[in-house]
Amino acid sequence: MIKWFIFSLMGYLLYKASGPLLSLFKIKKSIKDKQRKSEIRSKVLKMDIQDAEFEEKENE
């Protein structure tokens with residue numbers, strides 16, 4: 001009887017502890033995504049992109 005009480009108590013505590021742990025992982029992932037996006041944005045801004053003008057060749 002005490003064995004089941006201890007198992008259920010441990011299960012309940014693990015259930016309650018899993019919420020904050022999962023939120024920490026989600027926060028870490030969102031920070032990582034924001035850093036990756038800012039790196040890509042800064043690389044694009046550093047690139048010297050010019051408007052390309054193409055001349056169409058006429059088949060003669």
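Here is the tour, from the whole chain down to single residues.

**Stop 1: the whole chain.** Keep in mind that this is a predicted model. Show the cartoon first: the secondary structure amounts to 1 helix and 0 strands. What share of the 60 residues counts as buried? The figure is 0%, with buried meaning under 20% relative accessible area.

**Stop 2: the nonpolar patch.** Select Ile2, Phe5, Ile6, Leu9, Met10, Tyr12, Leu13 and Tyr15 and show their side chains. Together they make a nonpolar patch on the surface, with about 900 Å² of accessible area between them. Zoom in on one member, Met10, which sits in helix 1. Met10 counts as partly exposed because its relative accessibility is 47%, and that class runs between 20% and 50%.

**Stop 3: the positive patch.** Next, pick Lys34, Arg36, Lys37 and Arg41. On the surface, these four gather into a patch of positive charge. Center on Lys34, which belongs to helix 1, spanning residues 2-46. Is Lys34 buried or exposed? Its relative accessible area is 61%, so Lys34 is exposed; the cut-off for that label is over 50%.

**Stop 4: a polar pair.** Which atom of Gln35 lies 2.8 Å from a polar side-chain atom of Ser38? Look for the backbone oxygen of Gln35. Ser38 is another helix 1 residue, and at 36% relative accessibility Ser38 is classed as partly exposed.

Notes. Residues are numbered from 1 along each chain as its sequence is written. This is a predicted model: local features need pLDDT of at least 70, side-chain atom pairs count only at pLDDT 80 or more; totals for chains, interfaces and linings use all residues. Side-chain values use heavy atoms; hydrogens and water are left out. Patches are made of residues with over 30% relative accessible area and no salt bridge: like charges are joined within 9 Å, nonpolar side chains (Val, Leu, Ile, Met, Phe, Trp, Tyr) within 5 Å. Accessible areas come from the Shrake-Rupley method with a 1.4 Å probe; for residues, only the protein chains shown count as cover. Lys and Arg count as positive and Asp and Glu as negative; His and the chain ends are not counted. The place of a charge is taken as NZ of Lys, CZ of Arg, CG of Asp or CD of Glu. Helices (H or I, at least four residues) and strands (E, at least two) are DSSP runs, numbered from the N terminus. Buried means under 20% relative accessible area, exposed over 50%, partly exposed in between (1.4 Å probe, protein chains only). A polar contact is a pair of N or O atoms within 3.5 Å; within protein, one must be able to donate a hydrogen and the other to accept it, and residues adjacent in sequence count only if both atoms are side-chain atoms.
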